[in-house]
Amino acid sequence: MNLFRFKNLSSICVNVLFIIGFAILLQSCKEKSKVNDSSVTAIEEEPNLKGYTEYYQVETGEPVALVFASYKTTMLADGKDQSLLRISATDSSGMEIKNIHKPFKISVKGDARVSAEDGSELKQVSQSDTLSVWQSNIENGVQKLYLIAGKTVDRIQVEVSSEGLRNASHEIHTIPDDVELLQPTADQITPSSKITPEMLGADISFLPQLEARGMKFYDKGVEKDAISILKDHGLNYVRLRIFVNPENPQGYSPEKGFCDLDHTLAMAKRVKDAGMNLLLDFHYSDTWADPQKQFKPKAWEGLDFNQLKTQLNTYTKSVLNKLKAQGTLPDMVQVGNEINHGMVWPEGHISNLDNLAGLLKSGVSAVREVDPEITVMMHLALGGQNEETVFWFDNMIARGVEFDIIGLSYYPIWHCTLDDLNSNAHDLINRYQKDVNVVEYSAFKKAVNDLAFSLPDDRRNGTCIWEPLNTWSKIFDEEGRPLEELEYYDQFALDYLMKKD
């Protein structure tokens, strides 16, 4: 249409406005429907998420401990990368106190500094070559600060302290600023099938050790096998950790070898005989593997990287084939435990994303070779840290790591708030089209299960409480008698596994 053929000025204006308006509308539609060529973004509009503050906050109370969350635990050593820090105080039950006003000190060991949320300088108490200390205050229950990374590739120790309260700390890993950061293309985001059954599980790997000490378990006054008690109260999954050679002097269980292959085979048989599902958690170490410890098994020392990949693959297949031979293949497998900072250090540290991806692909390949029907989980200890979780999955998926389900740890002393966990889980579902499982938790049992089972029906997978028989927020006392919390699981099973909208 040639507008200048119109002699009537008003007609020209009307048509010009029409074309401009149409162009704006068209561009808006394109923007809303556009998918970045190098990544798949989350949904455009934030879902109407349920709030969880009532589960973790109280108006007033007596503080006993500080809680300190860093919203990133992996940062670029570029002199400007920032992580939000959230500091609060809790009462004896772990509830945040909303009306508290409390001074505290924040100390940083390593190449980083701290600023106020608005970017202004904090009052510095002391400074040396290795340690800097600042003063701040919790106001109205919460203080938010920023940690700014320096240019040194290392670990940064950050601790908050206040007189009369238990301290809290974080370890931050800084990685080279020239590391190649990738985002997955649209065709690399492959939706997984809905994982069934949904999980109401428990990690009870300590059970053989407890029984070796003579501990027995009871329900309604009757001695029973702990696995049977859990099943009777609605749990349907058991999670077991396995170490490579835990009997080594520096291993998890020197000489005794708890959580080795033989103990795992015996426990797997008990789990399957009880009619429960099995999640096997490979630690790929002789001892605990978590965000701050991913030590290479002693037997794997001296191997070059290609040999490491082969060894990890061979070991994984060997374990699974022995479980298969006795008819107790796991239903789900974790290729690594809390691997947000990598695995099989130093080669598989998060600072070398290509190596980490290579090791993960070797592990996943081993599981698929033994039985392609086994569900493969990637497990990060980043319950509420969305930005870092997305960084990790983007870089692994873009490097060809495939898996079926996302597992998150959630401990409020490290992993931000329940609302952060909820927001993170929803975002991950929308970005990656995978089920999400809160595969480690302890505190806030009712809230965590309500949250996990309130995720979209086609992507929720449930929960797995960590070591409820004898640690932290346990559900049995020291004599093996059930506490009130055990009864929660009867209701969880009724509400979440047996009743479905």
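V333 is buried (under 20% relative accessible area, with exposed meaning over 50% and partly exposed in between, for a 1.4 Å probe and protein chains only), since its relative accessible area is 0%. The model is a predicted one, in which local features need pLDDT of at least 70 and side-chain atom pairs count only at pLDDT 80 or more, while totals for chains, interfaces and linings use all residues. Residues are numbered from 1 along each chain as its sequence is written, and side-chain values use heavy atoms, with hydrogens and water left out.

V333 belongs to strand β18 (residues 332–335); helices (H or I, at least four residues) and strands (E, at least two) are DSSP runs numbered from the N terminus. Contact is defined as heavy atoms within 4.5 Å. Beyond the neighbours within four places in sequence, V333 is in contact with L279, L280, F282, L320, V367, I374, T375, V376 and M377.

A nonpolar core is a set of buried Ala, Val, Leu, Ile, Met, Phe, Trp, Tyr and Cys residues joined through side-chain atoms within 4.5 Å. The largest such core has 106 residues, and L360, M378, W392 and L418 touch the most other members. Helix α7 (residues 353–370) supplies the largest share of this core, eight residues. Not counting residues up to four places away in sequence, L418 touches Y52, Y55, Y56, Y410, F444, A447, V448 and L451. A second, separate core has 26 residues, including L85, I106, V108 and L165.

Rings of Phe, Tyr and Trp (its six-membered ring) form an aromatic pair if their centres lie within 6.5 Å; planes under 30 degrees apart count as stacked, over 60 as edge-to-face and the rest as tilted. The count by this rule is 23 aromatic pairs. F217 and F476 make an edge-to-face pair, at 5.3 Å centre to centre and 85° between the planes. F217 lies in strand β14 (residues 217–219) and F476 in the loop between β22 (460–466) and α11 (484–498), so the pair ties together parts 259 residues apart in sequence. F217 is buried at 2% relative accessibility, and F476 is buried at 0%. W466 and W472 make a tilted pair, at 5.5 Å centre to centre and 45° between the planes. W466 is buried, with a relative accessible area of 13%, whereas W472 is exposed, at 54%. Both belong to one aromatic cluster together with F206, F243, Y252, W288, Y411 and W414.

On a 1 Å grid over the protein atoms alone, a cavity is a set of points where a 1.4 Å probe fits but cannot get out, and a pocket is an open set with protein on both sides within 12 Å along at least five of seven lines; lining residues have an atom within 4 Å of a point. Grid points are joined across faces, edges and corners, and a volume is the space filled by probe spheres set on the points. The structure holds one cavity of 30 Å³ or more. The largest cavity has a volume of about 70 Å³ and is lined by S205, P208, L240, R241, C259, H263, T264 and M267. Of this lining, α5 gives the largest share, three residues.
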